[in-house]
Amino acid sequence: MPWKNIGLVKSKNLDAGRFTSEIGIRCRRFIHPVVHFIIRLALDRPVKIVKYPVLPNNENFIFAAGHSFPGEVASNLYAIDRNAWVLMGTTDQVDHNPQTYVAWMNGMIYVDRLGKESRSDASKKMKRILDAGSSVLLFPEGAFNNSENLLCMPVYPGFYHLAQETGKRIVPIVSHAEHGAETILIAAGDPIDVSAMTKNEAMDSLRDAITSLRYELITILPPLDRRSLAGDIHLQHLEKRRKTYLETKWIEPNWDEEIVMYHRQGITYAEEVRASFDDVRITPANAGILAPILLRREQDVTYDIKQYMKDHWKEG
């Protein structure tokens with residue numbers, strides 16, 4: 001039988017009024033130095049903070065982090081200079097991974113990313129924490145960035161609504177450890193005030209900030225040798241992402257929950273356009289136009305990370 005985090009499982013769905021007490025919020029601020037030390041011991045490699053802004057001690061923030069590898073929660077909590085409750089949407093790990101108790105000691109808010117009611121309740125919980133004077137750490141991409149090309153995936157707007165309700169500023173933060181790097185690099189940007197922005201302006205501003213920070217960190221690492229890209233580089237990317245996921249021990253393959261991507265309203269994505277041609281028949285008359293589109297559509301399916309994980313996660 002797999003380990004079960006009984007206490008966390010029972011408490012993860014408590015409503016915003018019962019998931020913690022006022023004493024619990026103050027206690028976590030008080031024990032932050034101890035938790036910070038425990039997190040440092042738990043890190044699997046050294047962390048180098050490349051850039052971090054001077055943040056007022058009397059102000060709390062919404063820390064919005066990029067997300068691409070399992071150690072990011074711990075590395076970001078290590079870099080942040082104050083207690084920040086972390087929003088966690090990894091059900092399997094909350095239920096089964098004993099290390100999640102460290103996140104609970106730090107301050108943790110569970111969210112079922114596929115449940116509308118749970119997402120709404122998580123927002124209320126974060127608002128309560130911010131109103132009580134503590135900070136929160138969330139991952140606005142909603143999941144690991146599995147893109148081959150995007151430095152930051154489209155971001156969910158929850159951070160914006162939270163900032164509007166609480167008046168708190170957003171601090172973008174990125175940790176990076178690609179290409180087998182022995183050190184995790186971290187950079188945080190200046191706080192962003194979204195009070196006068198529209199939702200889309202705020203989403204663009206935060207995504208630009210996370211993208212810029214990640215690019216800065218990438219330029220510090222050794223460049224990738226193009227000779228290592230021989231063969232099917234798309235499948236190589238999928239296998240690399242699979243190995244990244246499996247750095248964590250999974251009990252249940254919840255890939256529908258774990259591998260998601262926000263589709264912003266009003267924007268049509270290329271894969272959606274190609275999907276509309278799924279039932280189109282190729283003829284000599286339309287082959288010149290449709291054949292390349294359907295070929296790309298076939299690639300969409302072949303290189304879908306969610307399906308790849310479902311098919312291959314137990315291998316090796």
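Which residue's side chain meets that of Asp-204 in a salt bridge?

Tutor: The model is a predicted one. In it, the side chain of Asp-204 forms a salt bridge with that of Arg-264, at 2.9 Å from N to O. Asp-204 belongs to helix α9, whereas Arg-264 sits in the loop between α11 (255–258) and α12; the two are 60 residues apart, and the pair thus links distant parts of the chain. Asp-204 has a relative accessible area of 36% and is partly exposed, while Arg-264, at 16% relative accessibility, counts as buried because the cut-off for buried is under 20%.

The largest nonpolar core has 35 residues, and Ile-62, Val-136, Phe-159 and Ile-170 touch the most other members. Several elements supply at least two residues each, among them β2 (62–65), α7 (116–131), β5 (135–138) and α9 (199–220). Of these contributions, that of α9 is the largest share, at seven residues. Ile-62 touches residues including Leu-130, Val-136, Phe-159, Leu-162 and Ile-170, leaving aside those up to four places away in sequence. Another core, of 30 residues, lies apart from this one and includes Val-47, Phe-61, Phe-139 and Ile-186.

Glu-22 and Arg-128 meet through their side chains in a salt bridge of 2.8 Å, N to O. Glu-22 lies in helix α2 (residues 22–30) and Arg-128 in helix α7, so this pair ties together parts 106 residues apart in sequence. Here Glu-22 is partly exposed at 40% relative accessible area, and Arg-128 is buried at 18%.

Glu-239 and Arg-242 form a salt bridge of 2.9 Å, N to O; they are three residues apart in helix α10, so about one helical turn separates them. Both of these residues are buried. Asp-256, Lys-306 and Lys-310, for their part, are linked in a network of salt bridges. By the rule applied, the count comes to 17 salt bridges.

Finally, the second largest pocket holds about 1,000 Å³ of space. Its lining has 26 residues, with Ser-147, Met-261, Glu-271, Asp-300 and Tyr-303 the closest to the centre. Helices α10, α12, α13 and α14 each give two or more residues to that lining, and α13 provides the largest share, four residues. By class, the lining has 11 nonpolar, seven polar and eight charged residues.

Key. Residues numbered from 1 in each chain as written. Predicted model: local features only at pLDDT ≥ 70, side-chain atom pairs only at ≥ 80, totals over all residues. Heavy atoms only, no water. Core = buried A, V, L, I, M, F, W, Y, C linked by side-chain atoms within 4.5 Å. Buried < 20%, exposed > 50% of the residue type's maximum accessible area, 1.4 Å probe, protein only. Contact = heavy atoms within 4.5 Å. 1 Å grid on protein atoms, 1.4 Å probe; cavity = no way out; pocket = protein on both sides within 12 Å on 5 of 7 lines; lining within 4 Å. Points joined across faces, edges and corners; volume = space filled by probe spheres on them. Nonpolar A, V, L, I, M, F, W, Y, C, P; charged D, E, K, R; others polar. Salt bridge = Lys/Arg side-chain N within 4 Å of Asp/Glu carboxyl O.
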